[in-house]
Amino acid sequence: MKICVLGLGYIGLPTALLFAAHGADVVGIDVKQSVVDCLNHGNLPFREPGIEDLYREAKERFVARTEPEAADVFLIAVPTPLDPATKVSDLSYVKKAAGSIAPHLSEGDLVILESTVPPGTSERVVIPRLEKSGVAVGDFLYAHCPERAIPGRTLQEMTENSRIIGGYDRESTDRATSIYQTFVRGQIYQTDTRTAEFVKLMENTCRDVNIALANEFAQLAEECGINVWEAITLANKHPRVSILNPGPGVGGHCIAIDPWFLTENSTRCRMVSTAREVNDSMPNYVLHIARNLLAGARDPAISIFGVAYKGNIGDIRESPAFKFIQLAENEGYSVRCHDPYVEKFPYPLVDMADAATGSDCIVVLTDHDCFRAIDPAGLRMRSKFVIDARNILDHEKWTSHGFAVRVLGDGSSVQPVPLGEIMPPAGLYSTDTARTIASPSPPSISLLSPNGRGDFL
């Protein structure tokens, strides 16, 4: 069986290599000559756990090209970005991919769309372009199988997660199922094409709404003078409650994008739109915290620790850091960026020591594990402020070295100020206290249970 995979990015390349490693002859297509040359010379265009070993296993059955060619199966895994001005999906890559397949399409061939798209895209956009081949849908087979994987765990999730396959007809669905069963160990669920498109968007929208709720809880907790992290831990003891963590915003190509695909042609999406607005506003909120801390500072400098959108990966797509940096620079702050996982970024990246030297405030935007072990004693700051927007630092260690620590969502350290006294920056851990963000729990609750839902003793 010969498979032609269009798009060799974070999803397309691992998928192509998995098929090749499991016996298919795979031609990977990418419009970037640099990506094609990189792969054909035995190198990989990005890092992902396990992908080097998979490439070595698959390379005898895999080749990269810039143009499609005849195959038994065509798989589209190209980007579907969002137009930031209109909040409408950009389907130009999907359209181009479908158009490039048409000259090579024959009766009995199967076309699979993995790219995330608005509901109805297959029947209104993709299939009509494929039919320009002169072969009608039904004579060629068609299915939508949305990916379910995150950077840092892509290969594991591609093989172990359940999958949804929505076919144009029964034959299409069964054929696509048999192909994915070559490497997918999770359960495969069958449905129609439009439902499959809708399900993928529902999944990421659900997470986006949950994160927005956590972010609103964080802001409310600061107003109420409590620690939202402790409160969330306790609330999640309820067997039907599962609140996610707040943070400085939502990034990545899925959760930050997909909800808009649901709303772009609807007038009944107030909750979805509001959640997006809440999460998109979090960089503003973190900058508001920084502004309060640095009020009166002359030529203030901010050090950003972490520009990737999530921890322990180098993926910067839709990272909240972009908006934070632009807002900060527009307000006159000097910004320095440090991220040990990111290789390319529109703004200069420097090592940790250079980022901190002479700075007034560190802002932790990404939850890289390596940040947890930072020794603040070696940082030569001008002013010792740190904003932990991910709640990952050892706050006792930082305060013991003279840092005032502000944690997103923790209002418990705000002390009442008598009338007539100057209000210090709100929500700081004073430098003479060693209180950590995870407040000691009531003795009847274990915060160290494996599933985070310790039972009452």
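Contact here means heavy atoms within 4.5 Å, and by that rule S89 touches P81, L82, P118, F261 and E264, not counting residues up to four places away in sequence. This is a predicted model, in which local features need pLDDT of at least 70, side-chain atom pairs count only at pLDDT 80 or more, and totals for chains, interfaces and linings use all residues. Residues are numbered from 1 along each chain as its sequence is written, while side-chain values use heavy atoms, with hydrogens and water left out.

- Helices (H or I, at least four residues) and strands (E, at least two) are DSSP runs, numbered from the N terminus.
- Five of the five residues of β11 (residues 301–305) are buried (under 20% relative accessible area, with exposed over 50% and partly exposed in between; 1.4 Å probe, protein chains only), so the strand is largely enclosed by the rest of the structure.
- In a regular strand the side chains alternate between the two faces of the sheet.
- In β11 both faces are covered, with A301, S303 and F305 buried on one side and I302 and I304 buried on the other.
- Strand β12 (residues 334–338) pairs with β11 in the parallel sense over five bridges, where pairing requires at least two bridges found by DSSP between the strands.
- Within that pairing, I302 stands opposite V335 of β12.
- To get from β11 to β12, the chain passes through helix α13 (residues 320–330), and this β-α-β crossover is right-handed: with the strands pointing away from the viewer, the path from the first strand over the helix to the second runs clockwise.
- Strand β13 (residues 361–364) also pairs with β11 in the parallel sense, over four bridges, and there I362 is the bridge partner of S303.

**The loop between β11 and α13**

- N312 lies in this loop and has a phi near 65 degrees, a positive value in a residue other than glycine.
- N312 is partly exposed, with a relative accessible area of 32%.
- E318 lies in the loop between β11 and α13 as well, and its phi is positive at about 55 degrees although it is not a glycine.
- At 42% relative accessibility, E318 counts as partly exposed.

- S89 is found in strand β6 (residues 88–89) and is buried, with a relative accessible area of 11%.
- A pocket is an open set of points on a 1 Å grid over the protein atoms alone, where a 1.4 Å probe fits, with protein on both sides within 12 Å along at least five of seven lines.
- About 330 Å³ of space lies in the second largest pocket, a volume being the space filled by probe spheres set on the points, which are joined across faces, edges and corners.
- The lining of the second largest pocket has 17 residues, of which P119, F261, L262, N265 and S266 lie nearest its centre; lining residues have an atom within 4 Å of a point.
- Helices α5 (121–130) and α10 (258–263) each supply at least two lining residues, and α5 gives the largest share, three residues.

**Cysteines**

- The structure holds zero disulfides, a disulfide being a pair of cysteine sulfur atoms within 2.5 Å.
- C4 is in no disulfide, and the nearest cysteine sulfur, that of C145, is 17 Å away.
- C4 is buried, with a relative accessible area of 1%.
- For C254, the closest cysteine sulfur is in C145 at 14 Å, too far for a bond.
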